[in-house]
Amino acid sequence: MGLIGENMSESFSKFAFMVIVFFLATATRGEWLLVIVYMFRDQLQQITGLGLDEQVPTVSADNGTTGTNHPPQSLLESHHLQNVHWFVLMAVSTSFIMYYGMAYGWHYYYYVNRRHLAKEWKCQPDKFLTPENERHEILLGSLNMLIGSTASGVIACYIMNGGHSKMYYSVPERGWAYFLFSLVAFFVYNETMAYYLHRLFHNPWLYKKIHKMHHRYHQPTAWSAVAMHPLEFIMYQGYLAATPFLVPIHAFPFLFVLLYSYYYGLCDHSGIKMGAIWPWQPHSYFHDNHHKHFHVNFGFNTYFFDWFHDTLRKESRVYGEEVFGGRGKQSQKSE
């Protein structure tokens, strides 16, 4: 019984940890309100009455028949953005409360309470960010979270007020074959865009002007996940946010891939040793080594593109901030 109890306790702890990471990862992008709207759009519209065409009855002066007419619309209403300020306020406040509450708890548990046990849990146990860089990543991450939550509030408002998108909710509408295809295709699309955009930002000029801001965190923490140049943040979020407006996609594949990438994005930047249950998903060491060695390991959710382009880190190669290209240079020891 004692062993069973210990196993159950360990399983519960792991599950609770995964839930915390899941909530925190989504909060960092400021997208909790938008996720809820995408999940329960129809139900929320029925409850709130938003998105339903409001028609005012009219009476004909000639024959007394009753018809309908749309009331005059304001500028915001004509763009499906009525009450947008409330949506933005909810998105911003929810994201900041969740982010700071959970992130501080996470930071205290590992980086304060277990700092002396760093070799047990930390990817780089002998190195920590300076206090200056910790403050910098919190402030920069908060700025991007403000940008992300404002944008998600506007999109959530648009969707709730009947704005058009190509997202659908009934699998039979396009069939199971398309449903499964779109799940795989969106995952591949996300990883493809992430790899090549990331590699683009490691071009010497773009790196020094933009991406270097993110790489000042040589020992990343959970605060580092969205601590990047705002232009870079907007580009990464933009290609994901645009998807349901450009191609038909069921809500489940879209949200699954979105939340999957957010979850492992936070794990990768946590600085904590974490594995993955999926065989294609790199462990947290993979991206931690990217921050440690700079121009290598550019992928996020698979090894494929790094393998294909020979940008996987090799022990026989030497890497550094001025060694661009992704393949390092020959080690003197191996010559």
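The following legends describe close-up views of a predicted model. Local features require pLDDT of at least 70 and side-chain atom pairs pLDDT 80 or more, whereas totals for chains, interfaces and linings use all residues. Residues are numbered from 1 along each chain as its sequence is written, and side-chain values use heavy atoms, with hydrogens and water left out.

**View 1. The largest nonpolar core contains 64 residues.** A nonpolar core is a set of buried Ala, Val, Leu, Ile, Met, Phe, Trp, Tyr and Cys residues joined through side-chain atoms within 4.5 Å; buried means under 20% relative accessible area, exposed over 50%, and partly exposed in between (1.4 Å probe, protein chains only). Tyr 38, Phe 87, Trp 106, Phe 254 and Leu 266 touch the most other members. Two or more residues are given to this core by each of several elements, among them α1 (2–28), α5 (84–112), α7 (131–160) and α12 (251–269). Helix α12 supplies the largest share, 12 residues. Helices (H or I, at least four residues) are DSSP runs numbered from the N terminus, as are strands (E, at least two). Apart from neighbours within four places in sequence, Tyr 38 is in contact (heavy atoms within 4.5 Å) with residues including Ile 155, Met 167, Pro 244 and Phe 254.

**View 2. Helix α13 (residues 284–293) is mostly covered.** Of its 10 residues, 8 are buried, including Phe 286, His 287, Asp 288 and His 290. The cover over these buried residues includes α8, α12 and α14. Phe 294, with a positive phi near 75°, follows α13.

**View 3. His 211 occupies the loop between α9 (204–209) and α10.** This histidine is buried, with a relative accessible area of 1%. Beyond its neighbours within four places in sequence, His 211 is in contact with His 198, Phe 201, His 202, Leu 206, Glu 232 and His 290.

**View 4. A nonpolar patch on the surface is formed by Tyr 196, Phe 304, Trp 307 and Phe 308.** Patches are made of residues with over 30% relative accessible area and no salt bridge, like charges being joined within 9 Å and nonpolar side chains (Val, Leu, Ile, Met, Phe, Trp, Tyr) within 5 Å. The four residues together have about 490 Å² of accessible area, computed by the Shrake-Rupley method with a 1.4 Å probe; for residues, only the protein chains shown count as cover. Helix α14 (residues 304–308) contributes the largest share, 3 residues. Phe 304, found in α14, is partly exposed at a relative accessible area of 42%.

**View 5. Asp 310, Lys 314 and Arg 327 are linked in a network of salt bridges.** A salt bridge is a side-chain nitrogen of Lys or Arg within 4 Å of a carboxyl oxygen of Asp or Glu; the whole structure has 7. The closest N and O atoms of Asp 310 and Lys 314 are 2.4 Å apart. Asp 310 is partly exposed at 36% relative accessibility, and Lys 314 is partly exposed at 33%. Arg 313 forms a salt bridge with Glu 315 at 3.3 Å.
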